[in-house]
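Q: I would like to learn how to read a few features of a protein model. Could we take them one at a time?

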Amino acid sequence: MRSRFLRWLARLGGASIVFALFTLAAYLSFSQFVRRGVTPVPDVAGLPRAEAEALLTDSGLVLEVEEEAERHDDTVPVGAVLQQKPAARSFAKRGSVVRVGLSLGPEVVEVPDLDGLDLTAARVALGNVGLRMGRAVAVYRLSGPSGTVAEQEPAAGQMVGYAAEVDVYLGEESHAETFLMPDLIYRDHDLVRHFFERRGFQLGGVKPEPYEGVAEGVILRQYPLAGHPLTRNDVISLVVSIPSEERG
């Protein structure tokens, strides 16, 4: 009885092994069948269209551009791939399509003409095209309504990035010839003095100040500050560097 049971148990074990081998062979055959002609999708994000298409072609895939997926991007150059479907490193059958969206590059807008607008109207005009108001500086001028834009930077018609700032200079009435004070910092004092004196401007006292690492005669500070209105009746004051060993 015992020997019969052992023989039955041996037959059962053998049948189990055969079944397991059959199952494994079937699984491997099915897996090979399913994966036959399947390839991993390469990552083409950030590549120019031509390079992306060549890479997909090498993998047996076809590139298709979706125009509705195109959008502006500040970091991805114009014409480069922004997104792809199927995703990179997924599997696709050879000959299938990979759809991509291309970058339109950074969004740029045209600077509107703000000449003659008051500050509120200028801000609205900038906002309408996606730009922002930068500095608003008052300058004197001989003609034109007070409080309206006399100059702007960048100039009207220039193309700038979306949400860029535009500086405006608002005119104020003046009966004297008025100029915009230039930036004199780190310029040579002698050259600056000759420039202004030849044009009839008044230079006041020059204060010497030791400043390590800066050559002698370099302008460190100025008054009026750069961007402020300046007439020939205004006094220009400067602080100029001297060698540090002359301190005291």
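Predicted model: local features only at pLDDT ≥ 70, side-chain atom pairs only at ≥ 80, totals over all residues.

A: We can begin with a helix.

Q: Which residues of helix α3 are buried?
A: Buried means under 20% relative accessible area. In α3, which spans residues 119–128, A122, A125 and L126 are buried. They lie on the same side of α3, because the arc they cover around the axis is only 95°. T120 and N128, on the other side of α3, are exposed.

Q: What is found at the start of α3, and what follows the helix?
A: At the start, D118 places a side-chain oxygen within 3.3 Å of the backbone nitrogen of T120. After α3 comes G130, which has a positive phi, near 85°.

Q: Now the loop residue. Where is S103, and is S103 buried or exposed?
A: S103 belongs to the loop that links β5 (97–102) and β6 (108–110). Its relative accessible area is 2%, so S103 is buried.

Q: What does the side chain of S103 have as a polar partner, and which residues does S103 touch?
A: A polar atom of that side chain lies 2.8 Å from the backbone oxygen of V76. Leaving aside residues up to four places away in sequence, S103 touches R71, D73, V76, P77, V78, G79, A80 and L82.

Q: How should I read a sheet?
A: Strands of a sheet pair through backbone hydrogen bonds, in either the parallel or the antiparallel sense. One case here is an open sheet of three strands in the order β2-β5-β3, with mixed pairing. Its edges are β2 (62–65) and β3 (81–85); each has a single partner strand, so one side of each lacks a neighbour in the sheet. From one strand to the next, the twist averages 35°.

Q: In which sense do β2 and β5 pair, and what packs on the sheet?
A: β2 and β5 pair in the parallel sense over four bridges, and V65 has V100 in β5 as its bridge partner. Helix α2 (residues 49–58) packs on this sheet and touches β2, β3 and β5. The direction of α2 makes about 145° with that of β2.

Q: What is the strand order in the sheet that contains β12?
A: The order is β12-β15-β13, an open sheet of three strands with mixed pairing. β12 (202–210) and β13 (219–223) are at the edges with a single partner strand each, so one side of each is left without a neighbour in the sheet. Direction ignored, neighbouring strands of this sheet are turned by 20° against each other on average.

Q: How many bridges join β13 to β15?
A: Four bridges join them, and the two strands run antiparallel. R221 stands opposite V239 in β15.

Notes: Residues numbered from 1 in each chain as written. Heavy atoms only, no water. Buried < 20%, exposed > 50% of the residue type's maximum accessible area, 1.4 Å probe, protein only. Arc of directions from axis to C-beta. Polar contact = N/O pair within 3.5 Å; in protein donor to acceptor, adjacent residues only side chain to side chain. Contact = heavy atoms within 4.5 Å. Pairing = 2+ DSSP bridges. Axes fitted to C-alpha atoms, helices over the stretch in contact; angles between N-to-C directions.
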